Amino acid sequence: MLSWSTATTGGEVDLAAVAAGEGDTRLERGDELLRFATACATADDDELARARAALADVSDEAFMVDAAAVAANFEMMTRLADSTGARLPADRLERSAQAIGVMGADEFVSKR
Amino acid sequence: MDILTQNFSEIRSPTSFCEDVGVGGTTVRDDLAEAHRLAWEHIASPGTWWTAAERVELATTVRLAIDDDDPLPPWVGVTTSDRLPGERIVADVAHDVAYRIGRHAATVSRDVARAVMDEIGELAYVELCAIASSVAAVVHFCRNAGVEVPPFPEPIAGEPSREHPALADAELNWVPVAAPADEVAAVVQAYTAVPAEQVNTWRMADAQYMPEEDMIHADWSRREGGLSRAQMELVAARVAQLRECFF
């Protein structure tokens with residue numbers, strides 16, 4: 001889902017920071033969102049608890065729950081895409097080429 | 001139908017746990033709670049190609065894969081381990097691919113998918129994929145939000161419907177889709193050959209992410225002060241990157 005998602009950001013997000021998991025994303029609450037998203041997709045429950053609290057502290061709990069839901073949605077969509085062999089059309093791939101490079105997606109085993 | 005209603009009324013949805021157990025007293029908005037309640041009901045209902053008991057058995061394997069503290073590598077079938085119950089009603093190949101989609105979806109190749117489809121049928125495979133992806137959404141939401149995942153409901157008796165629309169081979173997916181193929185994005189058409197899964201998946205996506213009709217609006221937000229599109233895409237991109245999902 002990386003290519004699809006990054007094509008919709010309109011350049012508002014610093015993808016290099018997203019790819020690194022740290023740095024200035026150029027978004028309000030970007031640091032906390034990036035930390036939370038990283039924790040959602042990794043296995044450290046203690047870090048997830050800290051990241052969840054940190055995000056709620058700079059926003060509110062409804063905002064945190066909505067971010068949790070977005071992360072969950074992409075747990076769903078990544079499995080949908082990879083199990084059914086979803087591919088992007090060539091023109092969409094071309095438009096996403098820079099983002100794909102920044103995010104290191106060319107190296108993904110799921111590239112097809 | 002009375003039995004269905006009675007059973008369903010006793011089901012606690014994942015997000016109802018958010019309300020009861022609480023994330024600091026947070027109330028989960030109604031559309032998200034309802035989508036997850038319906039997803040859990042859907043898992044335990046007769047499907048299109050699998051019975052409800054088979055669907056719950058597969059969903060349990062997916063959950064095992066997600067929760068596994070010592071996950072098997074992608075090339076090892078979970079049925080060759082001692083992690084599943086001894087008595088099973090679903091074929092081993094289906095459990096093996098359910099575990100793999102649950103834990104290592106990026107490693108599912110065309111050859112793997114083809115081999116499974118040759119054994120269980122193409123549309124049964126599509127339904128299995130949809131079970132896996134919807135379980136992943138609910139289980140991960142609960143983990144992300146810090147609440148307990150409820151057990152699956154008891155399966156509802158009944159036979160699979162075996163209904164499907166006119167099908168077409170797709171260029172943008174490995175699986176057959178509802179005809180005509182490739183007129184919408186690959187992720188949108190992926191489950192169209194099994195309409196009940198298509199409905200459930202996109203109902204969840206509407207609530208978890210955004211309603212499909214709003215995707216054209218770059219400045220969309222669910223509410224004032226809520227996540228902006230760019231903030232949503234930051235979360236989406238990071239999760240997709242860590243799951244190594246190229247699409």
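This is a predicted model: local features need pLDDT of at least 70, side-chain atom pairs count only at pLDDT 80 or more; totals for chains, interfaces and linings use all residues.
Among contacts in chain A between residues at least 6 apart in sequence, what percentage join residues at least 24 apart? The share is 50%. Chain A has seven helices and zero strands, and the area buried between the two chains is about 6,200 Å².

**Chain A**

- Along the sequence, the secondary structure of chain A reads α-α-α-α-α-α-α.
- Of the 112 residues in chain A, 56% are buried.
- A:Asp82 is part of helix H5 of chain A.
- With a relative accessibility of 1%, A:Asp82 counts as buried, because the cut-off for that class is under 20%.
- Apart from neighbours within four places in sequence, A:Asp82 is in contact with A:Ser110 and A:Arg112 of chain A, and with B:Ala105, B:Ala106, B:Val108, B:Trp174, B:Glu244 and B:Cys245 of chain B.

**Contact between the chains**

- Chain A contributes 72 residues to the contact, and chain B contributes 67 residues.
- Carbon and sulfur atoms give 65% of the area buried between the two chains.
- On the side of chain B, B:Arg143, B:Phe246 and B:Phe247 lose the most area to chain A, and together they account for 15% of what that side buries.
- Four salt bridges are counted between chain B and chain A.
- A salt bridge joins A:Glu75 to B:Arg243, with the closest N and O atoms 2.7 Å apart.

**Nonpolar cores**

- In soluble globular proteins, nonpolar side chains tend to be buried together.
- The largest nonpolar core in this model holds 105 residues, and A:Phe36, B:Trp50, B:Ile101, B:Tyr125 and B:Leu128 have the most contacts inside it.
- Helix H7 of chain B, residues 122-145, gives the most to this core, with 17 residues.
- Domain 1 (2-160) and domain 2 (218-247) of chain B each supply at least three residues to this core.
- Leaving aside neighbours within four places in sequence, B:Leu128 is in contact with B:Trp50, B:Leu58, B:Ala94, B:Val97, B:Ala98, B:Ile101 and B:Ile120.
- A second, separate core has five residues, among them B:Ala65, B:Leu72, B:Val78 and B:Tyr99.

**Helix H5 of chain B**

- Helix H5 of chain B comprises 13 residues, 92-104, which should span 18 Å at 1.5 Å a residue. The end C-alpha atoms of this helix are 17 Å apart, which agrees.
- H5(B) is mostly covered, with 10 of its 13 residues buried.
- The buried residues of H5(B) are B:Val93, B:Ala94, B:His95, B:Val97, B:Ala98, B:Tyr99, B:Arg100, B:Ile101, B:Gly102 and B:His104.
- The cover over these buried residues includes helix H5 (61-83) of chain A, along with helix H4 (52-67), helix H6 (110-120) and H7 of chain B.

**Helix H7 of chain B**

- H7(B) has 24 residues, and at 1.5 Å a residue they should span 34 Å. The end C-alpha atoms of H7(B) lie 35 Å apart, which agrees.
- Because 22 of its 24 residues are buried, H7(B) is largely enclosed by the rest of the structure.
- B:Gly146 follows H7(B) and has a positive phi, near 85 degrees.

Technical notes: Residues are numbered from 1 along each chain as its sequence is written. Chains are lettered from A and ligands numbered from 1 in the order in which they are written. Side-chain values use heavy atoms; hydrogens and water are left out. A nonpolar core is a set of buried Ala, Val, Leu, Ile, Met, Phe, Trp, Tyr and Cys residues joined through side-chain atoms within 4.5 Å. Buried means under 20% relative accessible area, exposed over 50%, partly exposed in between (1.4 Å probe, protein chains only). Helices (H or I, at least four residues) and strands (E, at least two) are DSSP runs, numbered from the N terminus. Domain bounds come from an automatic or database domain assignment. Contact means heavy atoms within 4.5 Å. The expected span of a helix is 1.5 Å times one less than its number of residues. Buried area is the accessible area (1.4 Å probe) that two parts lose on being put together, summed over both. A salt bridge is a side-chain nitrogen of Lys or Arg within 4 Å of a carboxyl oxygen of Asp or Glu.
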